[in-house]
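Please open the model in your viewer and keep the sequence panel beside it. The tour below moves from one selection to the next.

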Amino acid sequence: MKFTQIFWDNDGVLVDTERYYLQANREALAKLEITLSDELFVEISLTRGKSLFELATAKGHTADTIEELKDWRNTRYAQLLDLEDMTLPGVRETLNTLHGRLKMAIVTSSAKSHFEIIHKRTDLLTFFDFCLTRGDYANSKPSAEPYLLALSRSGQEPHRSLVIEDSPRGLEAAKAAGLTCCVIPGQHTSEHEFRGAYTILSTIEDLPKMLL
């Protein structure tokens with residue numbers, strides 16, 4: 001087996017949360033009469049890894065207004081996350097197959113508070129050796145920092161580590177850290193080319209076939 005560990009992205013790979021993040025940001029920006037399209041969401045958040053509130057900054061809104069709106073967005077997002085178990089199809093079965101054969105960790109850009117809400121219904125965390133959330137590092141994806149921290153925490157060699165991502169910013173972060181990245185495109189990223197990916201899978205259920 002080439003790889004001894006997997007670093008998993010969370011949102012869009014393990015759980016279907018990106019639609020709720022889009023909704024919460026869309027509702028927040030609408031309060032300032034700013035329309036957030038699917039295309040802008042993909043470009044700003046999933047590709048460049050920037051704050052969607054740069055749309056408000058560009059319209060001349062003050063930092064105080066934007067901070068208040070971020071707080072509202074975060075509360076609204078938490079409400080949406082608390083509605084249901086959002087585990088994506090095939091995830092639990094795939095993790096169960098890989099568990100015990102490879103070390104596994106989650107490396108996510110989600111805030112810890114949101115991450116905890118997401119997983120209080122999933123029962124997925126027992127599969128992982130550790131989880132890194134947004135508060136554990138200074139610079140989020142597409143920075144290499146989250147994955148470099150994960151490498152340091154794991155003690156494994158980079159060439160033995162595989163990253164699973166669904167977004168361009170995640171792929172960029174993995175590559176910047178010198179890691180091999182497998183991409184499973186999601187609803188919002190299915191048209192992206194993902195140049196530099198080790199492989200692109202249509203479903204998570206294809207992963208054990210590739211690794212074992």
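Predicted model: local features only at pLDDT ≥ 70, side-chain atom pairs only at ≥ 80, totals over all residues.

Select Thr-133 and display its surroundings: leaving aside residues up to four places away in sequence, Thr-133 touches Thr-108, Ser-110, Ala-111, Lys-112 and Phe-115, where contact means heavy atoms within 4.5 Å. Residues are numbered from 1 along each chain as its sequence is written, and side-chain values use heavy atoms, with hydrogens and water left out.

**The sheet**

Next, colour the strands: an open sheet of six strands runs in the order β3-β2-β1-β4-β5-β6 with parallel pairing, where strands are DSSP runs of E with at least two residues and helices are runs of H or I with at least four, numbered from the N terminus, and two strands pair if DSSP finds at least two bridges between them. The edge strands are β3 and β6, each of which pairs on one side only.

Now select β5 (residues 180-183), which is covered on both faces, with Thr-180 and Cys-182 buried on one side and Cys-181 and Val-183 buried on the other. In a regular strand the side chains alternate between the two faces of the sheet. Strand β4 (residues 161-165) runs parallel to β5 and is joined to it by four bridges, and Val-163 has Cys-181 as its bridge partner in β5. On β5's pairing with β6 (residues 199-200), two bridges join the parallel strands, and Cys-182 is partnered by Thr-199.

**Helices across the strands**

Helix α7 lies across β1, β2, β3 and β4, at about 155° to β3.

**Last stop: two helices**

Finally, select α1 (residues 18-30) and α2 (residues 38-47), whose axes come within 11 Å and cross at roughly 105°. That makes α1 roughly perpendicular to α2 (65 to 115 degrees). Show Glu-18, Tyr-21, Leu-22 and Arg-26 of α1 with Asp-38, Phe-41, Ser-45 and Leu-46 of α2, which make the contact.

Terms used
Axes fitted to C-alpha atoms, helices over the stretch in contact; angles between N-to-C directions. Parallel < 35°, antiparallel > 145°, perpendicular 65-115°, else oblique. Buried < 20%, exposed > 50% of the residue type's maximum accessible area, 1.4 Å probe, protein only.
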